[in-house]
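Subject: Structure for your review

Dear colleague,

Please find the structure below, handed over for your review. My findings come after it.

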Amino acid sequence: MDVRRTMRGFSQVPLLGWLVAAFISVVIEIQWGTPLAQALGLPKIPVLFGVVLALKQPHLLPGAVVYLLLVYGLPIALIARLGAGIANQAAGALLRLPLWVSAAVHLGLFYAALELWSGLSDYRDLVLRFTLIAVMVTLSLNVINGYMGEFSCSHPGFMAVGAYAASVLSVDLFTKHRVFGEALLPPALGPFLFPLVLIIAGLVAAVSALVVAIPSFRTRGDYLAIISLAFMFIIKSLIENLEIVGGARGLGGQPDWAGLSTVFLWTVACVWAINNFVRSTLGKALNAVRDNETAATAMTVDTRYTKIVGFLFAAFWAGVAGGLFAHVLRYVNPGTFGIQKLAEVLAMVYFGGLNSVYGSIVGAVGISLLGEALRPLEIFKWIIIPLLLILVMIYRPTGLVAFKEFDPKAVLRPKNGPERERDALPRG
Amino acid sequence: MPFLEVEHVTHQFGGLRAVHDYNLAIEPGHIRGLIGPNGAGKTTIFNLITGIYNPTEGNVRLDGTRINGLAPHRIASMGIGRTFQNLLLWRHMNVLDHVKMAHFSRIRYGLLGAVLGTPRRHREEREIEDKARTLLEMLDIGHLAGQAVTNLPYGAQRRVEMARALATEPKLLLLDEPTAGMNPDELVQIMEIIRRVHRELNLAIFLIEHRMRFVMELCERIQTLVFGEVIAEGTPEEIQNDPKVIEAYLGSGNE
Ligand SMILES: Nc1ncnc2c1ncn2[C@@H]1O[C@H](COP(=O)(O)OP(=O)(O)OP(=O)(O)O)[C@@H](O)[C@H]1O
Ligand SMILES: [Mg+2]
């Protein structure tokens with residue numbers, strides 16, 4: 001009974017409350033994290049919620065769990081629960097302003113927490129940026145494999161195209177390079193033109209996606225899986241044989257433009273754009289085509305156009321993500337964009353949940369953390385992740401959080417009293 | 001001039017001749033019926049008109065223009081709406097979205113509008129939604145707008161299909177066995193709805209039915225199809241009294 005009441009209390013905490021609580025607990029970690037870790041017998045603060053310790057130094061796990069409880073669990077629970085009233089009032093006041101104001105406040109708070117959190121360790125910072133990029137890749141693949149209900153394997157290929165397109169542009173235009181020569185534009189302009197570089201990278205990826213889309217969506221039938229798989233391998237060997245971009249050795253020297261704020265902003269843009277698309281009638285045509293193509297055509301839906309547009313749109317975001325990826329690592333090689341990448345992205349999509357923004361976030365974050373935890377296993381990681389994927393497909397074929405619409409207004413809404421009842425009413 | 005003309009249409013499935021030398025002319029605003037035993041080729045005729053199949057021989061004309069060979073979505077946006085005998089709904093979409101979807105060909109905001117959430121997108125979506133809700137009200141299912149279609153009773157699902165077909169703003173509505181699986185109450189309601197839709201939207205309707213009472217009451221003219229060929233055509237009285245129809249169809253145990 002008491003437990004139920006406590007849980008009901010937590011269900012009344014709005015997102016704003018959780019974010020403030022998270023922010024404060026990060027501040028607590030900055031202040032007292034290191035001495036606390038030492039007191040618990042840990043060599044340093046557990047950088048990734050202890051997941052890295054699980055296989056490497058399991059004897060430290062109990063200490064890490066206590067640390068997490070003291071630094072994150074308890075403070076977050078207390079602040080969120082006790083501050084729920086104020087947080088609800090604040091969230092309500094924000095919602096009376098234009099939606100973007102409320103969104104900006106929430107995102108700003110979230111970003112501040114992430115920035116401080118990742119500032120404590122370079123490893124955190126790197127994992128965080130790769131995870132955000134994974135969210136972009138996963139969500140964009142979800143457009144094809146979830147919302148459209150096809151099975152595409154070409155996403156690593158689109159990432160590769162985007163990564164190389166962005167790298168060539170930024171290295172050639174803004175840096176002095178062994179092959180490409182002097183910088184063509186003043187390097188100081190670089191960071192400002194970087195968004196343009198990424199957009200071009202996305203467009204190049206989208207154009208390359210035509211090579212897959214045109215033959216695959218001409219007639220009915222399951223050609224997409226095989227054509228897209230071939231595409232991925234062709235792109236990889238094409239780059240391996242392209243000496244001007246370094247061939248199999250790869251291409252380095254990308255400027256340091258993809259810091260956390262840049263990656264964060266692009267991830268937000270990607271989620272926002274894709275969510276806008278899939279919630280419009282134009283985007284829902286993907287669902288109609290997936291659920292019944294005959295009915296879709298009879299209701300005036302141009303199914304081929306719909307599939308091609310959805311596919312190219314997804315490829316665009318994979319390309320942008322690839323461009324960011326290259327600038328986070330500041331080095332790319334074709335080996336990165338092979339079958340392992342594919343397995344990882346597919347695992348994220350199917351584990352998280354089809355046809356769902358929440359699902360893609362859960363999948364990308366979950367599998368990224370798991371990947372870090374399993375890192376000591378090296379090659380065996382690539383047995384465990386596909387195994388997990390198979391298990392998910394057997395027991396929960398559509399994934400953890402599938403077919404759930406992401407409505408920003410509902411997410412930002414206060415969670416007390418009458419507002420909660422409005423949640424339960426049908427949309428309209 | 002007839003809105004729809006089907007001229008000498010024949011269709012083969014491999015060796016099977018499903019429809020042979022079929023002719024039809026529908027004037028604007030008329031209600032026509034098509035009856036015939038199972039497997040006679042009725043649904044195939046709908047599929048030939050809507051472009052799902054391309055006839056082996058013959059022509060289909062809409063307002064005088066030949067439409068056979070056009071893609072089904074083109075034909076649909078030219079003014080032919082239809083329902084399906086075996087309910088083809090989109091299982092992950094709610095009722096309102098079904099009806100909104102049928103406005104696809106009239107959406108003008110484009111990919112960029114959808115992605116950026118432009119004012120134009122919001123205006124168009126609102127217009128589509130208003131129209132969709134009006135149609136749902138007309139079919140007495142306004143209260144189901146937010147429901148998932150898979151949870152609805154059979155009769156309601158049939159109405160969703162009809163609302164969706166009407167949202168394409170057709171001049172001709174094809175109904176493939178609109179009463180299949182319905183109980184007598186639902187039957188009376190659906191008949192009333194078809195009459196209302198016909199009156200208020202001023203459509204031509206062409207319907208396939210097995211229940212004789214239903215066809216006889218609604219249709220001005222009826223064709224009887226047996227093994228892909230029309231064996232009789234005329235007013236409900238003429239059809240009811242035609243010895244060939246009685247022998248081939250009414251006598252075969254079909255209600
Ligand atoms: N796609 C197809 N391929 C091969 N044969 C088909 C196909 N569609 C229909 N047929 C055959 O064509 C004939 C006519 O079928 P159709 O579905 O048009 O009959 P119907 O008059 O609608 O029957 P019912 O009253 O059972 O709905 C049947 O013999 C059927 O088996
Ligand atoms: Mg039939």
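The notes that follow cover conventions, confidence, the ligand sites, the sheet of chain B and selected residues of chain A.

Conventions and confidence

This is a predicted model, in which local features need pLDDT of at least 70 and side-chain atom pairs count only at pLDDT 80 or more, while totals for chains, interfaces and linings use all residues. Residues are numbered from 1 along each chain as its sequence is written, chains are lettered from A and ligands numbered from 1 in the order in which they are written, and side-chain values use heavy atoms, with hydrogens and water left out.

For chain A, the mean pLDDT (the predictor's confidence in each residue, from 0 to 100) is 90, and 96% of the residues reach 70 or more. Residues 419-428 of chain A stay under 50, and the model has 15 contacts (heavy atoms within 4.5 Å) for this stretch beyond four places in sequence. Where pLDDT is low, the predicted coordinates should not be read in detail.

The ligand sites in chain B

The magnesium ion (ligand 2) is coordinated by OG1 of Thr43(B) and OE1 of Gln85(B), at 1.9 to 2.1 Å. Thr43(B) belongs to helix H1 (residues 42-49) of chain B and Gln85(B) to the loop between strand E6 (80-82) and helix H3 (95-101) of that chain, so the pair ties together parts that are 42 residues apart in sequence. Helices (H or I, at least four residues) and strands (E, at least two) are DSSP runs, numbered from the N terminus. Donors are N, O and S atoms within 2.8 Å of the metal (3.2 Å for Na, K and Ca); water is not among the atoms, so sites may look incomplete.

Thr43(B) counts as partly exposed at 26% relative accessibility, and Gln85(B) counts as partly exposed at 31%. Here buried means under 20% relative accessible area, exposed over 50%, and partly exposed in between (1.4 Å probe, protein chains only).

An N or O atom in the side chain of Gln85(B) is 2.8 Å from an oxygen atom of ligand 1. A backbone N or O atom of Ala40(B) lies 3.2 Å from an oxygen atom of the ligand, and the side chain of Tyr53(B) places an N or O atom 3.1 Å from a nitrogen atom of ligand 1.

The sheet of chain B

Four strands of chain B form an open antiparallel sheet in the order E2-E1-E4-E5. Two strands pair if DSSP finds at least two bridges between them. Strand E2 (16-26) and strand E5 (65-66) are the edge strands, each pairing on one side only.

Strand E1 (residues 4-13) is joined to E2(B) by seven bridges, with Glu5(B) partnered by Ala25(B). E1(B) and E2(B) form a hairpin with two residues between them, and Gly14(B) in the turn has a positive phi of about 55°. E1(B) also pairs with E4(B) over five bridges, where Asn59(B) is the bridge partner of Glu7(B). Strand E4 (residues 57-62) is joined to E5(B) by two bridges, and Leu62(B) stands opposite Thr65(B).

Selected residues of chain A

Phe49(A) lies in the loop between helix H2 (15-39) and helix H3 (53-56) and is partly exposed at 37% relative accessibility. Thr300(A) lies in the loop between helix H13 (293-298) and helix H14 (303-329) and is buried, with a relative accessible area of 2%.

Ser360(A), in helix H16 (residues 357-373), is buried with a relative accessible area of 0%. Its side chain makes a polar contact (a pair of N or O atoms within 3.5 Å; within protein, one must be able to donate a hydrogen and the other to accept it, and residues adjacent in sequence count only if both atoms are side-chain atoms) with the side chain of Asn142(A), at 2.9 Å.

Val135(A), in helix H7 (residues 122-147), is buried at 6% relative accessibility. Leaving aside neighbours within four places in sequence, Val135(A) is in contact with Thr267(A), Val271(A), Ile361(A) and Ala364(A).

Yours sincerely
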